[in-house]
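Visitor: I am new to this structure. Please take one part of it and give me a close look.

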Amino acid sequence: MAVATTTPYTEKTDEQRAITEMVHQFVDEQVLPIAEHHDHEDSFPDDVVEQMKELGLFGVTIPEEYGGMGLDLTTYSMIVEELSRGWISISGIVNTHFIGSYLLMKFGTDEQKERWLPRMATGEIRAAFSLSEPGLGSDVQAISSRAKRDGDAWTINGQKMWVTNGLRSGLVFLLAKTDPDASPPYKGMTCFITEKEPGASENSGEYAGLTVPPQIKKMGYKGVESTELVYEDYRCPAENVLGGEDEGLNKGFGQMMDALEVGRVNVAARGVGIAQRGLELALRYSQERKTFGKQIADHQAIQFKLADMATKVEAARLLTLKAARLKDAGERSDLEAGMAKLYASEAGKEVVEDSFRIHGGYGYSKEYEIERLYRDAPLLLIGEGTSEIQRMVIGKKLLQRHKI
Ligand SMILES: Cc1cc2nc3c(=O)[nH]c(=O)nc-3n(C[C@H](O)[C@H](O)[C@H](O)COP(=O)(O)OP(=O)(O)OC[C@H]3O[C@@H](n4cnc5c(N)ncnc54)[C@H](O)[C@@H]3O)c2cc1C
């Protein structure tokens, strides 16, 4: 449903139009019909993931030489919006994988790229990324997981928290302390590509020392697993330091922050997608439900809500695409990515809540899709940095750019 006219930011190339129409149709036919079932059962949508592999959706941004589509962040954001319009858990299955492939493409050695990118492009192996621990999320410098060089490997000990795709992934991009005396602490952190057996809770053999506890039970964002990861004397080969030891040792914090910037555009696109769906459901329901002798859409109070909702969706989309286009053009986009993430995630929550209100009592019923959206939307306020953290980023970057 196109709500507004095309602008230079929302304009699509023929290729972008073809791929987003394809994903839109895939979502209508394959995702929306099964989302409520998997949400209620909290079950992983294996069939949908297999189809996503066939469509090449795990390799959208991976270069063609490694078997991917080689598309840019803007096109990726358009795809993520469409997937999230269907169910944000589906975009969550791709999201950490996208961040992992970005890290490899930007910082990986040639050997690391050749080793993993082709199998990541097909979705044969999927990636998770792990910063958070039980004692920290926003304050990444407080990480306590520790890696020590021991023979030809690094021995990792520590507990990680909230790892999306923590069970089914085959690779975890993990930030750990390698120099505990570094000051400030971020100068002593390294990103390790830790390998694991997809689906195994107790890893053994070459991956011994990595345990995946039962998945965390959540209010929404069902289907895709969020887990802890426990590393106990897990041995990570030295060649799995992202970028190699010469380039990558103690550079992990900056690498992860760089990846979070594109991750923020990605979460913003998810906000646009869920808001768009909330708007669609409200437009439909408000023309079906009658009160006081007319459709509720004919009450001005409801029209005002719809007007605010559509305006927020459009503003969120513009901010998201602007941040993505700047990044693709090689320009600075830290401020814009923060603004897009802040605005679009808040818009996602607000538009979904207004749609929920428009549904009256039925919005509270599990028979109606909006109930799922209402539980799913708040995640976007938290992942890839809370709204408070976005405001801190935006404020800092603003003052950097406008220093007197
Ligand atoms: C479903 C789900 C999936 C996730 N997936 C992943 C994943 O795949 N990988 C991963 O590494 N992490 C993941 N996370 C973790 C997520 O990134 C963190 O939850 C998030 O960064 C917030 O950290 P926290 O929960 O520790 O909150 P805290 O950092 O403890 O913050 C608590 C509150 O204090 C506020 N606050 C903190 N510091 C400041 C400050 N300086 N000024 C003002 N306010 C402040 C916060 O905004 C928040 O409101 C996931 C989380 C969820 C819920």
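**A helix pair up close**

Guide: Val-352, Glu-353, Ser-355 and Phe-356 of helix H9 meet Ile-370, Leu-373 and Tyr-374 of helix H10. Meeting here means contact: C-beta atoms, placed from the backbone, lie within 7 Å. By class, this contact has five nonpolar, one polar and one charged residues. Ala, Val, Leu, Ile, Met, Phe, Trp, Tyr, Cys and Pro count as nonpolar; Asp, Glu, Lys and Arg count as charged; the others, Gly among them, count as polar.

The model is predicted: local features need pLDDT of at least 70, side-chain atom pairs count only at pLDDT 80 or more, and totals for chains, interfaces and linings use all residues. Residues are numbered from 1 along each chain as its sequence is written.

H9 covers residues 334–358 and H10 covers residues 369–376. Helices are DSSP runs (H or I, at least four residues), and strands are too (E, at least two), numbered from the N terminus. The axes of H9 and H10 come within 9 Å and cross at roughly 150°. H9 is therefore roughly antiparallel to H10, a label for angles over 145 degrees. Axes are lines fitted to C-alpha atoms, for helices over the stretch in contact, with angles from 0 to 180 degrees between N-to-C directions. The crossing of H9 and H10 is left-handed: the near helix is turned anticlockwise from the far one by less than a right angle.

Now the wider setting. UniProt, in an unreviewed entry, places "domain: Acyl-CoA dehydrogenase/oxidase C-terminal" at residues 250–398. That span is 74% helix and 3% strand, and its end C-alpha atoms lie 28 Å apart.

Terms used:
Angles under 35 degrees count as roughly parallel, over 145 as roughly antiparallel, 65 to 115 as roughly perpendicular and the rest as oblique. Two residues are in contact if their C-beta atoms, placed from the backbone, lie within 7 Å. UniProt positions are given in the numbering used here, feature names are shortened, and annotations may be inferred rather than shown by experiment.
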